[in-house]
Amino acid sequence: MTCGKSFFAVTHCISNAFGRYGHLVGRYPVWFIVVPVVVCVGLGVGFLFRSNEQDIELLYTPINSRSRSDREKVKALFPDRTHDYYNPMSLNDHALGGVVLFRPKNDSNILTRESLQEIKDFVTKVKEITFNNSEGDVVTYDEVCGRLDGKCEVWGRLILTDDFWDAFEKGTLIFPFWDSPWGTVDLSVWLGNVNKTQQERVQGAGAVKVTFTLRQDSDAMKKLSLEWERAFIDYMTKLRNDNFSTLTFAFSSSHSMGDELDRGTKGDIKYFSLTFTIMITYASIVCSGGDCVSTRALLANAGVVAATMGILASFGLFSFIGVQFVNIVGVVPFLILGMTCFYFSFWVVVQVA
C-alpha cells in the first residue's frame, strides 16, 4: 500500500506539472510553438552545407591511437616522394589511385595484339580525364599523377610496350622476373593466370592489371588526387564491357571500401524507414480514441514531430558550422523516432493496465 500511495503521489505531481506547463503553452502559443518551429526550420537550412567524411582510417580508428602517432614519426623520417619517385613500397599512407583488371571475354589468352591495343587505348583515354578544382580551373591527370623519372607512372605500362611484345613473340619473356631494357621487373605484379613453359617462358596470360597512380605528398595534392579519383570512378561507372571487343574489366580505387560501407549503410536505412513508419502507425492507432481533446493519438504525433524537428535542427546546425557528416549517423533519426514510438506505445499499455 505504501508503494502504491507513493507511486500515485509522484504521478499526481508530474501530472500537475505537465498540466501547468500545458496551460502556459496554451496562453503563449507563439513563444512555445511558432518560435521553436521557425528556429528549427531555420537551423535545418544549414543541412544544405553538409559535407561528408568517408576516410575509413579517420572514422574507425582512435584519434590518439599509437598507430597514428607512429605513422607521423615514420613520415618525418621517410618523406613522401610520389611527386618524383613513385614507389608503392615506400608509401606511408594507403595508396591513392585507380586499379583496372582486364580479362579476355572468351577466357583465353589476353596477350594478343588486339587486346593489348585496346588496353593501350583505354589507358590513353583515362589519362585524359579532367576535373574542375574549387577555383574552377581544369586539373588534368598529368598534374596529379605519381611520377617516376619525370613521367606519370602507370603501373602495368611496360606490358603495353613494343619491347614486351617483341620478347613475348620471340619466346624470351621470362615469368615472373623479366630482364627488360629497363632492368629486371616482376611481371607477377601485372600479369595473372600466366601460362608458361618448363623454362618459365610466357605463353599466355588470363588477366592484366593496370594501376593509375596519384600524388599524395601534401594535403593539397592529396585533395586534388581524391577529386581526380572521383572523376575516374564516374568515368569507369559509365563504361561498359560492350565498349571492348575482346575484354571484360573490373575496377577499384582507394574509395572502394568507403563506398561499400556507405552503400551498406544506405541500404539499411530503407529498413529503418519501414520500421519506424510501422511503429508510428501502430502508436497512432493504439493511442487513438475519444474526442480530439482526450485522444492520445495527437500526443503520439506531437512526440514524433518534436523528435523530427530536433533532429533537423541539430543536423542543420552542425552542418552549418562545418562538422562533417558521417553516413552511419544517417540511421540515428530512425532510431530516435523508433524509440519515441516505442515509448508512447509502452506508456499507453501501462495506462490501460
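This is a predicted model: local features need pLDDT of at least 70, side-chain atom pairs count only at pLDDT 80 or more; totals for chains, interfaces and linings use all residues.
Reader: Which residues is Leu 43 in contact with, beyond its neighbours within four places in sequence?

Author: With those neighbours set aside, Leu 43 contacts Ala 313, Gly 316 and Leu 317. Leu 43 and Gly 310 are 267 residues apart in sequence, yet their C-alpha atoms are 9.8 Å apart in space.

Reader: On to strands. How should I read the faces of strand 7?

Author: The general idea comes first: in a regular strand, side chains alternate between the two faces of the sheet. In strand 7, residues 177-180, Trp 178 and Ser 180 make up the covered face, whereas Phe 177 and Asp 179 make up the uncovered one.

Reader: In which sense do strand 7 and strand 8 pair, and over how many bridges?

Author: They pair in the antiparallel sense, over four bridges, with strand 8 spanning residues 183-186. The two strands form a hairpin, with two residues between them. Trp 178 has Val 185 of strand 8 as its bridge partner.

Reader: Now the largest nonpolar core. Which of its residues touch the most other members?

Author: This core has 48 residues, and those touching the most other members are Phe 102, Ile 119, Phe 122, Phe 212 and Trp 228. Among the elements that give two or more residues to the core are strand 1 (97-104), helix 5 (113-126), strand 12 (207-213) and helix 8 (219-238). Helix 8 supplies the largest share, six residues.

Reader: What does Trp 228 touch, not counting residues up to four places away in sequence?

Author: Trp 228 touches Val 126, Ile 129, Phe 131, Tyr 141, Val 144, Phe 212 and Leu 214.

Reader: How do I read the packing of helix 5 and helix 8?

Author: Look at the axes, then the angle, then the residues. The axes of helix 5 and helix 8 come within 11 Å and cross at roughly 135°. The two helices are therefore oblique to each other. From helix 5, Phe 122, Lys 125 and Val 126 meet Trp 228, Phe 232, Tyr 235 and Met 236 of helix 8.

Reader: How many residues of that contact are nonpolar, polar and charged?

Author: The contact of helix 5 with helix 8 has six nonpolar residues, no polar ones and one charged.

Notes:
Residues are numbered from 1 along each chain as its sequence is written. Side-chain values use heavy atoms; hydrogens and water are left out. Buried means under 20% relative accessible area, exposed over 50%, partly exposed in between (1.4 Å probe, protein chains only). Two strands pair if DSSP finds at least two bridges between them. A nonpolar core is a set of buried Ala, Val, Leu, Ile, Met, Phe, Trp, Tyr and Cys residues joined through side-chain atoms within 4.5 Å. Contact means heavy atoms within 4.5 Å. Axes are lines fitted to C-alpha atoms, for helices over the stretch in contact, and angles run from 0 to 180 degrees between N-to-C directions. Angles under 35 degrees count as roughly parallel, over 145 as roughly antiparallel, 65 to 115 as roughly perpendicular and the rest as oblique. Ala, Val, Leu, Ile, Met, Phe, Trp, Tyr, Cys and Pro count as nonpolar, Asp, Glu, Lys and Arg as charged, and the others, Gly among them, as polar.
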